[in-house]
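The sequence and structure follow.

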Amino acid sequence: MVLALPWAACDPPRRAPAIGDRFTDDFERADIGPEWRETGPGWRIANGSLVGQGVRNHPLWLRRRLPRNAHIAFDAWSESPNGDLKCEVYGDGESFARQASYTATSYVIIFGGWFNSLNVIARMDEHAPDRRVRRGPRVEVNRHYRFDIERRGNLLKWSIDGQPMLEWDDPDPLAGPGHEFFAFNDWDVRVHFDNLVITPL
């Protein structure tokens, strides 16, 4: 007998509605709610923010399809000196790690990864040799950061608090079925996300 896990998806991402003029979420509620797809334990709402801890690459996927060109902004902070603030853009809306090594379906954006030593944009594989890497700045414990992620055409740009971090000019951009969703992610440390705004461009 196979039992359904409480976070198991029951509707395929292909049926998800598209984001219209704008999508916002301030997480001012008790439960994560139906707009989000949990792919594993470790996610909850606390004191008006989304909290992830020990997620181990089980993303929390937004059940709305991203526009081809979009601006995504949110607040993020970490309670650990290890940093590790992480999200995924233009993924399939349902994938998660099934073993320690995780190959995403998205661009993976990481601030303060690898024990707060690297900042990265990766195309599906966060360990791939072609990932875009920057050393510094480092995540400061409990400092609130504003992420801005924007894609226009083939160019994906990421900034924090208005300062450019990294970009990827992708000649074969992730787009269309299988690459239309946004997620928050985490590995082990306790992290927070809040005030998400997604705007079509």
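## Surroundings of H179

The side chain of H179 reaches the backbone oxygen of Y90 at 3.4 Å. This counts as a polar contact, a pair of N or O atoms within 3.5 Å in which, within protein, one must be able to donate a hydrogen and the other to accept it, residues adjacent in sequence counting only if both atoms are side-chain atoms. H179 lies in the loop between β13 (163-169) and β14 (181-185); strands (E, at least two residues) and helices (H or I, at least four) are DSSP runs numbered from the N terminus.

H179 counts as buried because its relative accessibility is 18%, where buried means under 20% relative accessible area, exposed over 50% and partly exposed in between (1.4 Å probe, protein chains only). Leaving aside neighbours within four places in sequence, H179 is in contact (heavy atoms within 4.5 Å) with Y90, G91, T105, M124 and L174.

## Basis of the model

The model is predicted: local features need pLDDT of at least 70 and side-chain atom pairs count only at pLDDT 80 or more, while totals for chains, interfaces and linings use all residues. Residues are numbered from 1 along each chain as its sequence is written, and side-chain values use heavy atoms, with hydrogens and water left out.

## Surroundings of W36

W36 is placed in strand β2 (residues 36-38) and is buried, at 3% relative accessibility. Its side chain makes a polar contact of 2.8 Å with the side chain of D25.

## Aromatic pairs

The structure holds 14 aromatic pairs, meaning rings of Phe, Tyr and Trp (its six-membered ring) with centres within 6.5 Å; planes under 30 degrees apart count as stacked, over 60 as edge-to-face and the rest as tilted. F74 and F182 form a tilted pair, 5.9 Å centre to centre with 50° between the planes. Since F74 lies in strand β6 (residues 70-78) and F182 in strand β14, the pair ties together parts that are 108 residues apart in sequence.

The rings of F184 and F193 are stacked, because their centres are 4.4 Å apart and their planes lie at 25°. F184 is buried at 0% relative accessibility, and F193 is buried at 0% as well. One aromatic cluster includes W36, F74, F182, F184 and F193.
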